[in-house]
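Hi there,

Here is the structure I promised to pass on to you. Have a look at it first, and then read my notes below.

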Amino acid sequence: QVQLVESGGGSVQAGGSLRLSCAASGYTYSSYCVGWFRQIPGKERDGVATMHTGGGRTYYADSVKGRFTISRDNAKNTLYLQMNSLKPEDTALYYCAAGPRVGSWLSCDFRVLAAFTYWGQGTQVTVSS
């Protein structure tokens, strides 16, 4: 069973930076779709940034392009989200997600929600103006 544990959330002023981490355990496939999503109370969960553990293409929501960077350390089974130039509208509960990439035909685009079958508990990010 895959387990994901997020850390690194907190409170920061607008323009500041935070780095989220997601430690994964229980991986059995050779490649996974991994990424970050966020949710505001009363709204749907939105994709922020995703990729697959084999490297290659990354996917970003338009609202975070140029400010957020997703990366991973496969040796540590850890996923990161570097968030710079934070804005109050980035305030949300951030979730780490993963799903086995059973074939190269499977896109790890966050819009393919079915690709992500495991979820962490979330870490809160609060950006004040």
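A disulfide here is a pair of cysteine sulfur atoms within 2.5 Å. By this rule there are two disulfides. Before going on, please note that this is a predicted model, in which local features need pLDDT of at least 70 and side-chain atom pairs count only at pLDDT 80 or more, while totals for chains, interfaces and linings use all residues. Residues are numbered from 1 along each chain as its sequence is written, and side-chain values use heavy atoms, with hydrogens and water left out.

Let's start with the disulfides. Cysteine 22 is joined to cysteine 96, with an S to S distance of 2.0 Å. This link is left-handed, with -75° about the S-S bond. The pair ties together distant parts of the chain, since cysteine 22 sits in strand E3 and cysteine 96 in strand E9, 74 residues apart. (Strands, E, are DSSP runs of at least two residues, numbered from the N terminus.) Cysteine 22 counts as buried at 2% relative accessibility, where buried means under 20% relative accessible area with a 1.4 Å probe and protein chains only.

The other disulfide joins cysteine 33 to cysteine 108, with S to S 2.0 Å. Cysteine 33 lies in strand E4 and cysteine 108 in the loop between E9 and strand E10 (118–119), 75 residues apart. Cysteine 33 is buried, with a relative accessible area of 0%. Counting bonded cysteines along the chain, the disulfides follow the pattern 1-3, 2-4.

Next, which side chains does arginine 38 join by polar contacts? Arginine 38 belongs to strand E4 (residues 32–39) and is buried, at 12% relative accessible area. Its side chain makes a polar contact of 3.0 Å with that of aspartate 90 and one of 2.9 Å with that of tyrosine 94. A polar contact is a pair of N or O atoms within 3.5 Å; within protein, one must be able to donate a hydrogen and the other to accept it, and residues adjacent in sequence count only if both atoms are side-chain atoms.

Tyrosine 94 turns up again in the largest nonpolar core, which has 37 residues: Trp36, Leu81, Met83 and Tyr94 touch the most other members. Such a core is a set of buried Ala, Val, Leu, Ile, Met, Phe, Trp, Tyr and Cys residues joined through side-chain atoms within 4.5 Å.

Enjoy exploring!

Best wishes

Definitions and conventions
Helix = DSSP H or I, 4+ residues; strand = E, 2+ residues; numbered from the N terminus. Buried < 20%, exposed > 50% of the residue type's maximum accessible area, 1.4 Å probe, protein only.
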